[in-house]
Amino acid sequence: MTPAAAFTLVAHRGGALVYPESSAEAFEAVSRTAFPFETDLRQLQDGTLVPLHDDDAGRTMPGLSGHPAGITLEQWAAAGIRHPLGGAEGTPTTWEAMLDLYGGRNILVPELKDPSIDPVAFAETILKRGIQDKVVVQTFSFPAAQALAGSGLQVLYLLRDGETPDPASISSSGIGHVGPHKGISAEYLRRLKDAGLTVWPYTVNDEATAARLRADGADGVFTDTPWELAQQLGL
């Protein structure tokens, strides 16, 4: 079993079942812990990168709808983010603001959700700050993962449920992390580990699944409830 101290809980969307999803308040709360924090990135109308999972803002942001490419920075800043428990709305932020506040201080795990984001140009925004040791960039695109790794970033290659690409091909591309679906088999997880990869399955919100993956050799999990899961696992 992986030692407790080595099992990483990544705060998915800033802990989306605890705080307003991908909000300034969520990231600030996570920043006061040792949890790396995950966010999806999309581009607004002017190219500003913002934390947003969906390709339509309406699910999480009351009064704001449509693809982020049609939303202005002013509209974004004036909106709110729904609280998962019915509390006060959260405050939208930007990737640049997150880098200013937490870059080099916390481990950031952004996903390039918007396919129009240029991986190499994105890598340069990290490299120019010299914080590449504190950033792990995610993508479901293997070519994008290769480009990011080739630029000198730490990369997590995301796998959809049932995908089992050759682990050696992943590691030989300079990719160091893999994010498989939580339904990953113990056998495939072992193959990923044998290839020298760090494995963080997604998205795990219950103790039983987290404990199973931990026993199978996972290095951590993405979770919407990192505080609760840490307590349940005794971390």
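**Entry 1**

I began with Asn 106, which counts as buried at 6% relative accessibility, where buried means under 20% relative accessible area, exposed over 50% and partly exposed in between, with a 1.4 Å probe and protein chains only. I noted that this is a predicted model, in which local features need pLDDT of at least 70 and side-chain atom pairs count only at pLDDT 80 or more, while totals for chains, interfaces and linings use all residues. I also noted that residues are numbered from 1 along each chain as its sequence is written, and that side-chain values use heavy atoms, with hydrogens and water left out.

I found Asn 106 in the loop between α3 (95-102) and β4; the helices (H or I, at least four residues) and strands (E, at least two) are DSSP runs, numbered from the N terminus. The side chain of Asn 106 reaches the backbone oxygen of Ser 31 at 3.1 Å. Such a polar contact is a pair of N or O atoms within 3.5 Å; within protein, one must be able to donate a hydrogen and the other to accept it, and residues adjacent in sequence count only if both atoms are side-chain atoms. Leaving aside residues up to four places away in sequence, I listed Val 30, Ser 31, Thr 33, Phe 37 and Lys 134 as touching Asn 106, with contact meaning heavy atoms within 4.5 Å.

Leu 108 is 26 residues from Lys 134 along the chain, yet their C-alpha atoms are separated by 6.3 Å.

**Entry 2: helix α5**

Which residues of α5 are buried? I found Ala 144, Ala 145, Leu 148 and Ala 149 in this helix, which runs over residues 142-150. They lie on the same side of α5 because they cover an arc of only 135° around the axis, the arc being that of the directions from the helix axis to the C-beta atoms. The face turned away from the buried side of α5 carries the exposed residues Pro 143 and Gly 150. The cover over the buried residues of α5 includes β4 (108-112), α4 (119-127), β5 (136-139) and β6 (154-158).

I then looked at the ends of α5. Ser 141 caps the N-terminal end, with a side-chain oxygen 3.2 Å from the backbone nitrogen of Ala 144, and just after α5 I saw that Gly 152 takes a positive phi of about 105°.

**Entry 3: two helix pairs**

The axes of α4 and α5 come within 9 Å and cross at roughly 35°; axes are lines fitted to C-alpha atoms, for helices over the stretch in contact, and angles run from 0 to 180 degrees between N-to-C directions. Pro 119, Val 120, Phe 122 and Ala 123 in α4 meet Ala 144, Ala 147 and Leu 148 in α5. I sorted the residues of this contact into 7 nonpolar, no polar and no charged, where Ala, Val, Leu, Ile, Met, Phe, Trp, Tyr, Cys and Pro count as nonpolar, Asp, Glu, Lys and Arg as charged, and the others, Gly among them, as polar.

Next I turned to α8 (residues 207-216) and α9 (residues 226-233), whose axes come within 10 Å and cross at roughly 65°. On the α8 side I listed Glu 207, Ala 210, Ala 211 and Arg 214, and on the α9 side Leu 229, Gln 232 and Leu 233. The residues of this contact divide into 4 nonpolar, 1 polar and 2 charged.

The buried residues of α8 are Thr 209, Ala 210, Leu 213 and Arg 214. They share one side of α8, because the arc that they cover around the axis is only 130°. I saw that they pack against α7 (186-194), β9 (220-223) and α9. After α8 comes Gly 217, whose phi is positive, near 115°.

**Entry 4: positive phi without glycine**

Arg 13 has a positive phi of about 55° although it is not a glycine. I placed Arg 13 in the loop between β1 (8-11) and α1 (24-31), where Arg 13 is buried, with a relative accessible area of 13%. Ser 22, not a glycine either, has a positive phi of about 55°; I found Ser 22 in the loop between β1 and α1, buried with a relative accessible area of 2%.
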